[in-house]
Amino acid sequence: MSKSVWVGVWVLWCVVASWSHPVQAQVRSVSGIVVDQANLPVAEARVSVGPAGAPPVGVTLTDRDGRFSLGVVPSAPSPMVVVVRRPGFAVAQVSMDADPAAPLRVVLSPLPVSERVTVVSPLVESTAVDGFGALSTSVSASQIEQLNAVDLASALRRTPGVTISRVNPVGAFGGESGGAVFVRGAGSSRPGSEIKTYIEGVPFYMGIWGHPLLDLLPVSALSSVDVHKGPQPQRFGNAFSAIDLSLRRAGLDVLDGSLRVSAGAFATLLQQAEASGRLGRWDVAVSQGFARSNGHRDDADGRLASVSGRVGYRLGRGWSMAAAVLHADNIARDPGLIGQPATRTGQFGTQGTLGTATVAHAHDRAAGTLQVYTNRGEGDWRGQPAPDGDTLTRFALAGVRWREQVRPWTGAVLAGGLDLDTIDGGVQFDRVQPAPRTRFTAERLTLTSPHLALTQVVDVARGWSLQPSVGLRVYEHSVFASTSAPHAGVVVRMPRAAAVRVRYARGVSYPGQEVAALSSLIPPLGETWRQLRPEVQQHVEVGLAWAPVAATSLDVAVFRDRNDRRYVFGFPPAVARPTFTNIGAHVVRGVEASLQQRLASRWQAFLGLTWLDTSVALPYAPSQSIVAGLTGAIGPVRVALDAQHQSSMAVLARARSPIASNTERVAGFTVVNVRPSWTVPRSQGAVDLFVAVENLFDETYAYRPGYPMPGVSAQVGVTLRGRLR
């Protein structure tokens, strides 16, 4: 890394440190760690803080290390309490310590198995805002099960601001209209993408062509999915939005397991198994998944298979280490335009393996992780019409992630770290003769990005507080120019459990090996790809979070994204000579709202609304979309109902050409699904019998013209849960 980069990081550290000062007033920065009875951290636990018996004044989720931090204003004379909830554990409530600098330690007790399986969760776990004013939505494994999701697209189909595409019931054909996820209009550029996908916090996507492949991200292995909306340089770099998947973890000192099997329409079969437990200092979690379907029409078949495992070990005194591995092997076919079998374009097979090793520490005033990773995989598009034939792609990513978070004084959190990523691979083009067969070997690309950020809680008046934040991520690339991504924000907390946030962040997205691969296919482009600059996004967001009563929580966000320097390739007369260049800009304005409502002790409702206004016809960016869910229980019967409505939208990839335009559209639609289940408690376990009905009202709809999705269909299944020892 160049000396100028390190100097810039050091200057920022000094500036934010000198700008901040200890808080001497009433504001409490509540922080701590949530652990279980084995003293191991509990991730994704919901932590709420507020007066006893009143609505909370702050809500957050614990991170992978079980830690949380939240700035609140105590409300006299009522005592303040911290309430922690996590599926599978009894609710814990503790009083806030009198020492404002003392972190809390909350210990959760596991529920009996028969009680754990009757927990009813909303279809979206939470909409959370961190101390830097950044918004994310979390979906847990239990919600993925209630949605009867077979892949990531179906798992996120009810997430506000997220749009999906697919053509088959099982399996994603490629990474575009055949199966992809888009966030607030981002992610449709091909090749490449403004969205990156992560597993355990490390990147895992098609490195050569620069976009996610959903079949490499199996939902059977997950404990949760977090969708980070808009640029968040304090969390991730080289993307405008991110989707981060967390693998399953051991939760108890006994060995727990589950097996789920279902079968139904189109000869569809789904099977998932998982087991986890702890023995002394060790904890182990393994999972396996399989799905196959003949599809709702000819050549709409697909198959998914995956296995994953995670092993952790407690070193003592707040230190631990872990290793995780995931492998996926999948195939999907293109059914082509309905009634036109000649338009079929073969099959798309994906295979990938990811491995990570992590050392972590969690102490009173500091927590951090050092993570190394490597992954490699392939995406083979076989049987394309002549002259294309087979396109066989191999990719490899490797790197290091370092994260550190310290609490230098009361109310302050100083977060920093370093990302180092390398991308490698190649493509073999086995065209149909007499077309020539060629091979592209990618140049290894390296991206280094240190980052630093500070947030500080400041008391303003009784019941009011400010939490300003500032930070910077610096990029240095092995080929392209260096740049930076600043961000700043402020969260204003008010009485009556309300908070307003204002945030600015600059997103950066570098060209990947796709630009070199395209140049190998189009020789006149030559080496012009080396002159490209990264795409940038200027993101501004204003939001309101409000919990008027204990049973209700509302979040509303208004945002504006200006995207500049999109990289494209052009030819005369549009440009003087064939070249890659950065031209064009577009703006996305939007409003996003989500409402969680507890209707009764065992019923919860969720409603999400998104409105988008784009200056160009962005694919998969409907002007209006509504998602809704209702979950509850009547005796032993649980019900999960979800619905999606969206207006008409442009579709297909947004090609990297200055004259490309999307004229293909699909009509708006409304789809409703329902999943009733009946739980039969057993000794040391339970049996769930369920029916999953998709497209309940037989709506005619599609994500691509000429590719209708299935009508009403059903699956019948059983889930066995138990304690294995």
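The side chains of Glu541 and Arg184 meet in a salt bridge, with N and O 3.1 Å apart; the term covers a side-chain nitrogen of Lys or Arg within 4 Å of a carboxyl oxygen of Asp or Glu. Glu541 belongs to strand S32 (residues 535-546) and Arg184 to the loop between strand S11 (179-183) and strand S12 (189-190), so this pair ties together parts that are 357 residues apart in sequence. Helices (H or I, at least four residues) and strands (E, at least two) are DSSP runs, numbered from the N terminus. Glu541 and Arg184 are both buried, where buried means under 20% relative accessible area, exposed over 50%, and partly exposed in between (1.4 Å probe, protein chains only).

A word on the source: this is a predicted model, in which local features need pLDDT of at least 70 and side-chain atom pairs count only at pLDDT 80 or more, while totals for chains, interfaces and linings use all residues. Residues are numbered from 1 along each chain as its sequence is written, and side-chain values use heavy atoms, leaving out hydrogens and water.

Back to the charges: the structure holds 32 salt bridges. Glu541 and Arg184 also take part in a network of salt bridges that links them with Lys229, Arg501, Asp555 and Glu592. Here are two further pairs.

| Salt bridge | Closest N and O atoms |
|---|---|
| Arg310 and Asp283 | 3.4 Å |
| Asp613 and Arg589 | 3.9 Å |

Arg310 sits in strand S20 (residues 302-316) and Asp283 in strand S19 (residues 282-293), so their pairing ties together parts that are 27 residues apart in sequence. Both of these residues, Arg310 and Asp283, are buried. Asp613, by contrast, counts as partly exposed at 32% relative accessibility, and Arg589 is partly exposed with a relative accessible area of 37%.

Now to the surface. Leu315, Trp319, Met321, Val359, Leu370 and Trp402 form a nonpolar patch there, with about 540 Å² of accessible area together. Such patches are made of residues with over 30% relative accessible area and no salt bridge; like charges are joined within 9 Å, nonpolar side chains (Val, Leu, Ile, Met, Phe, Trp, Tyr) within 5 Å. The areas come from the Shrake-Rupley method with a 1.4 Å probe, and for residues only the protein chains shown count as cover. Trp319 lies in strand S21 (residues 319-333) and is partly exposed, at 39% relative accessible area.

Finally, helix H5 (residues 514-521) is largely enclosed by the rest of the structure, because six of its eight residues are buried. Among what covers those buried residues are strand S26 (438-441), strand S34 (567-570) and strand S35 (579-582).

Definitions and conventions:
Contact means heavy atoms within 4.5 Å.
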